[in-house]
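The sequence and structure come first.

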Amino acid sequence: RNQMTNKFDKDVFSSGQILSKLWLCENLETIAKKYRMDEFQPLNIWVYGGWHGMMAFQILVRNNLEIGRISSFDIDPHCERLADTYNNAWEWQAWMFKAYTMDCSDFNEIVKQHHYPNIIINTAVEHFSDNSWWDTIPENDSILCALQSNDMDTEDHHHERIFTSLEQFDEEFSMTETCFKGTKNFTYPNWSFNRWMKIGFK
């Protein structure tokens, strides 16, 4: 994820951010239960471009999945302290949550320092300039991937890239098994945008 300054921090609590992540939680929980992913061992979840840890916060506070650990990775060092602060209720509990300043582009390098993931989440695909983070995730594995992006104007929202349709987003991130894909529209008095989501096994 590209670096973000303090003036953008308040957006972490915006309706678009919170409701998009809630939408992901609801679908992720259903799919994980369908595949009995947390039945035999607690889940190890990685969040790419984790920002201030709100994705992890919503998963943990909903308490609908057996979680062993959530690791949040962001290239911006400003995010680590804030994410740990927001998730302090779980950070001190045997490090059930921890944020790290780390590049998400090398899966194998992350594995060296962290337990192998059951789930990888990236709700900030638009903030990554290329797909190097995606390309290094192993194919035909048991890792469930949950991805989100949007069609917001890149100049106004400091995005690296834009996806103009769900079809474009779907084609960009090919999966061997797609469990869910869909669009969530946000319409405000003066503007609107669409959030794209895809969940499945690469």
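## Cores, helices and cavity

The largest nonpolar core contains 28 residues, and those with the most contacts inside it are Ile-45, Ile-70 and Ile-121. A nonpolar core is a set of buried Ala, Val, Leu, Ile, Met, Phe, Trp, Tyr and Cys residues joined through side-chain atoms within 4.5 Å; buried means under 20% relative accessible area with a 1.4 Å probe, protein chains only. Helix 1 (15–34) supplies the largest share of this core, six residues. A second, separate core of 22 residues includes Ile-120, Phe-128, Phe-163 and Phe-169.

This is a predicted model, in which local features need pLDDT of at least 70 and side-chain atom pairs count only at pLDDT 80 or more, while totals for chains, interfaces and linings use all residues. Residues are numbered from 1 along each chain as its sequence is written, and side-chain values use heavy atoms, with hydrogens and water left out.

Leaving aside residues up to four places away in sequence, Ile-70 touches Ile-45, Val-47, Ala-56, Ile-59, Leu-60, Met-96, Phe-97 and Lys-98, where contact means heavy atoms within 4.5 Å.

Two helices are set side by side below. Helices (H or I, at least four residues) and strands (E, at least two) are DSSP runs, numbered from the N terminus.

| Helix 2 (54–62) | Met-54, Met-55, Ala-56, Gln-58, Ile-59, Leu-60 | helix 1, strand 1, strand 2, helix 4, strand 3, strand 4 |

Just after helix 2, Asn-63 has a positive phi of about 60°. At the start of helix 3, a side-chain oxygen of Asp-76 comes within 3.0 Å of the backbone nitrogen of His-78.

How many cavities of 30 Å³ or more are there? The count is one, and the largest cavity has a volume of about 30 Å³. A cavity is a set of points on a 1 Å grid over the protein atoms alone where a 1.4 Å probe fits but cannot get out, and its lining residues have an atom within 4 Å of a point. Grid points are joined across faces, edges and corners, and the volume is the space filled by probe spheres set on the points.

The lining of the largest cavity consists of Trp-51, Ser-72, Phe-73, Asp-74, Asp-76, Cys-79, Glu-80, Ala-99 and Tyr-100. Strand 2 gives the most to this lining, with three residues.

Terms used. 1 Å grid on protein atoms, 1.4 Å probe; cavity = no way out; pocket = protein on both sides within 12 Å on 5 of 7 lines; lining within 4 Å. Polar contact = N/O pair within 3.5 Å; in protein donor to acceptor, adjacent residues only side chain to side chain. Buried < 20%, exposed > 50% of the residue type's maximum accessible area, 1.4 Å probe, protein only.
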